[in-house]
Amino acid sequence: MSESRGMRQQAFHTVLHLIDPSWTGDPASYYEDRRLLVRRLHYSARVMPLSFLIAACSLSIIVAFMPVETGWFRWTWMALILATNVVLTVFWLTRLKTREPAWEITGLFVMAVQVLVWGALLAWAAVVLFPLLEAAEELTLTAILLGGIVVGIIPVVMFRGLTTVWILFVGGGLAWGFWTEPGSERWVLLGLLGLYLVSLQCGTLVLANVFERRLRAELNAEDQRDLVELLLNDLEDGAQDWLWETDDKGIAVAVSHRFAESLGLPAAEISGRAMSEILKGVGADRTATGRIALDTLVERLDNGDAFRDIELDVWIGGRPRRWSMSGHRRSDSLSDGGWRGVGSDITRVHQQREYIRELAEVDSLTGLQNRYTFTARLSKMIADGDDVWLAMLDLDNFKSINDRWGHRVGDNVLVDVAARLNAVLRLTEICARLGGDEFAVAFSGIDDEQEVKERFQSIVDAIDVPFDLAGNSIRVRGSLGYGSLPNDAANLDDLVVVADLALYHAKVSGRNQIRRFDSTLRERATGRARALLDLRMAVQNGEFELAYQPQVSAATGAVVGFEALLRWNHPVSGVVSPADFISVAEETGLMVPIGAEVLRTASALATTWPDHVRIAVNVSQVQLRSVGYVESVREVLRETGLAAERLEIEVTESLVIDDSDREVLLRIAELGVAIAMDDFGTGYSSVASLSLLPVDRLKIDRAFVSQLDADPAESRTAVFRAIVDIAESMGLETVAEGVETDRQRAVVTECGCRVVQGYLEGRPMPAADVDAFIESRRNYRLPSAAE
């Protein structure tokens, strides 16, 4: 079907271009141009039968009474003229009365045939008759044919190609007739004929353009009228407005049907009642705000003041609705006063407006105030002049709840926390959820600081009660920091900073704490900000270096690996300990790019070592939870060419307590990379949790090793031996950290520990010294007990 339509369109373009050379055939304007063509054809169909009928009758009479002998030509020519005229007239009149689809192609074809046939017949008459006629009769025939050209142009004036063919055919016949004239007269006649035909052709093109512009304007006007009518119909069908009108006494007159529909009453019951009575009848004075709005409207009516958009709460059929009323004095000459106005049912608009206001002022999850509303109310509280206390509250380990139980349970926890806060707050206290699991509480009017602390303690205690959600008992605790204005801050912004600093102090102090702001917290924050700035510069300037501490076999003393240790060579402060900057780097996210560079540098260096020597790299929780960490490890192995089994990722024992962390470690282990648990014995891990992790080695914390020198050492040795035995039973290799004396080395070796790391075996060294150290240990001999 689509192929048939495409062929029809192609034929349409071809035919129309032949008839009208200005036709472009642009597919984008196909349907618009086709509408214009149909309009042109309707014009031609109305004009053509009458025009050609007049021409046929006139020409037939002239030819019939020609005073010359024309033989068979006379009657043949007349028969063709009359027959074609009858057939074509019937065709055009029929098309005007029917709506045959896609008839324009047929119409174009018939019109072209008609122009060609009649043009040929007129030209034939001129060619045959001119040699037979006298001068006076030639003049008559010439006038008739010239007039016939004009008459024939009128129906097809908008089809430039057809008018050109018509002028050429008939004009060509006349030119042949003039050529038969003797002497120089023929040239004069031919010249005059040529000027006439050229002028006629130019005039025809001008008329064609004028007609076409007019038809296009008509089509555009029709489109505009259709559009306006459509919009008006839609407005009438979906409108919520109605007109109301009263006389000078406020009595309703000319009640519109829409007003009656809105009231749910017949128009007869409304007409003749006062407007104020009508509105009271639908409960406009039921509420306090409604009475105020209605009183305002009645007052405007009594005073003769125009009013606009007075909103009323009414009840229609027992359902609340919101109306908007506007009105002005009638000023037409036929009235003696009174009012005329419009009412609108804006219930949906009002509901949407209230919903938007609620979104702007209330937290959608908990129903508490949001940050914007809380800040506005806090500003007003400060403006009242009393001492203001502001606390920031943050839930401890809330992320682990989301990770373990899902965000739906986490949202339920937030809702319950908000309910508990509302339950313990006084009417003069304000509370908001600022975002995530962070809340804010503020109040004024309390001068006793001990009472302030008790108020905040009651808030924390209300949260520290297990939640029963989805059949699970979940305990959530919170950290709270607070400060006051004007004691700790001079303005609102500073007060927020003060409370945030106190909250941060509460969290780093061990969580589930309440901390008041003091001046040292600002100094610490300033120091951390300065450290952060220095850290950013260090990343840009490449101030970080790696040192490598050897790990040796407890049995042979041979090097089995190195641990890469990060050092910051500060241009002013010198070497900065990791303990002084790692926490800042983790909090700000800088640990991710720093850790990536450490992994890449250490892995590249390890490729230059013997194949049995591995490299261990520490990873923080921030890195482990960053997007794409596993892929970054895979990419480093690919770039450096380091065998996966020679890379070891070290994680601290307290780090991997969440399922998401375990999932990342499992994916790293799938790459063939070894996992080592660092500082074992100081965190939260248990033997059961170890069985769930893809751990290859346990690094026993130096706190256990340093006690092996003390006397008596039996109990301490027993603890160390128990750790080694547990690890061995689980198939894990053990590494003793912090070995600094020969006795410590002897004890850990006796207990079965396989690898030793510490100052006794080697201090952290620069990359340039690693090869020499490995070579020095190639033929290393462990000292004997006697030595």
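Which residue stands opposite Val342 in E4? Select Ser326 to find out: Ser326 is the residue facing Val342 there.

Before moving on, a word about the model. It is predicted, so local features need pLDDT of at least 70 and side-chain atom pairs count only at pLDDT 80 or more, while totals for chains, interfaces and linings use all residues. Residues are numbered from 1 along each chain as its sequence is written, and side-chain values use heavy atoms, leaving out hydrogens and water.

**Stop 1: the sheet.** Select 319–329 and 339–345, which are strands E3 and E4, paired in the antiparallel sense over seven bridges. Strands here are DSSP runs of E with at least two residues, helices are runs of H or I with at least four, and both are numbered from the N terminus. Two strands pair if DSSP finds at least two bridges between them. Now widen the view to the open sheet of four strands, in the order E1-E4-E3-E2 with antiparallel pairing. At its edges are E1 (241–246) and E2 (307–316), each pairing on one side only.

**Stop 2: two helices.** Next, select H15 (407–424) and H16 (449–463), whose axes lie 9 Å apart at an angle of about 145°. Axes are lines fitted to C-alpha atoms, for helices over the stretch in contact (heavy atoms within 4.5 Å); angles run from 0 to 180 degrees between N-to-C directions.

**Stop 3: Arg516.** Finish in strand E11 (514–516), where Arg516 is found. Its side chain joins that of Glu449 in a polar contact of 2.6 Å, and another of 2.6 Å links Arg516 with the side chain of Asp488. A polar contact is a pair of N or O atoms within 3.5 Å; within protein, one must be able to donate a hydrogen and the other to accept it, and residues adjacent in sequence count only if both atoms are side-chain atoms.
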